[in-house]
Amino acid sequence: MRRVNMKTSENKSLTKHDLFRANWRWLWASQLSWNYEKMMAPGYFYTVLPFLQRFYHDDELVEMMRMHDQFFNTNAFTGPFIIGMDLAIENHQGYAAKDTVAGLKTGLMGPLASVGDTIFGVIIPTVFGSIGAYMGLKGSPIGALMWIAVNLLIFFLRFSLLPLGYYQGEKLIDSAEGKLNLITQSAILLGLTVVGALIPTVVTVNVPLVFQTGKVTLKLQSVLNEIMPSLVPVLLVAFVYWLLGKKKVTSTKVILFVLVLGIVLSYFNILGV
């Protein structure tokens, strides 16, 4: 029997020790548990698990665990901001915030991944790495020391993002009390928009079939582009989404099916995946 978990804004805020604990678990688990099916989801799940066990019981706990074990992928440095907002909302709203949290995770992981990858994956390594390497080639140890100092600074700064996300999440709850449904719908819409925008940029499927009559050549892919650009990728994603809704169909089975289908259709020159 499900135990009702009524959360209100009167609940005690998480302590600095709680936030540090979440930060520490994310630091160790965000990349170590990465896999090609759910990517960083196991690390996210490990990070929030102690808090889920505190917030929920019985069936609610099981359902929230399943929700947090779904696909998640962002930059490891900016990810704590999402975790902080998640913990703030769940601490105050409880199980009622399930859809809100799922939408926020989906909607924020893409933009924060772009920001994090650009800053921490490109700009900082390129600028400070090249300076440090140049100074090292000139025989100066300052370049190596500077590189170590920059990485230590980043290490400590990343611990500030989770509390920042948590306090922003609390402000969101305080300023939008009684409007949870609106927040939920907005978060879901944001998540769907982000996922939809990823389809034409991530999924690449072409139809290489060419029909020729006399001097007239008709490329089927050009015709499909005239109807709607990226029509085939959209149809493929819709088909996969439909498959995932079937019983006993796991994401692993779908991946294998799409892989085999792509190989077969490519062999017969029907699709280029």
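This is a predicted model: local features need pLDDT of at least 70, side-chain atom pairs count only at pLDDT 80 or more; totals for chains, interfaces and linings use all residues.

Let me start with Tyr166, which is buried at a relative accessible area of 0%; buried means under 20%, exposed over 50% and partly exposed in between, with a 1.4 Å probe and protein chains only.

Residues are numbered from 1 along each chain as its sequence is written, and side-chain values use heavy atoms, leaving out hydrogens and water.

Back to the two tyrosines. Their ring centres lie 5.7 Å apart with the planes at 70°, so Tyr166 and Tyr167 are an edge-to-face pair. Rings of Phe, Tyr and Trp (its six-membered ring) pair if their centres lie within 6.5 Å; planes under 30 degrees apart are stacked, over 60 edge-to-face, the rest tilted. The count by this rule is 13 aromatic pairs. One aromatic cluster consists of Phe20, Trp24, Trp28, Phe155, Phe156 and Phe159.

Now the helices.

Helix H1 covers residues 16–32 and helix H4 residues 79–93; their axes are 11 Å apart, at an angle of about 140°. Helices are DSSP runs of H or I, at least four residues, numbered from the N terminus. Axes are lines fitted to C-alpha atoms over the stretch in contact, and angles run from 0 to 180 degrees between N-to-C directions. Contact means heavy atoms within 4.5 Å. Ala22, Asn23 and Trp26 of H1 meet Gly79, Pro80, Ile83 and Leu87 of H4.

Terms used. Helices (H or I, at least four residues) and strands (E, at least two) are DSSP runs, numbered from the N terminus.
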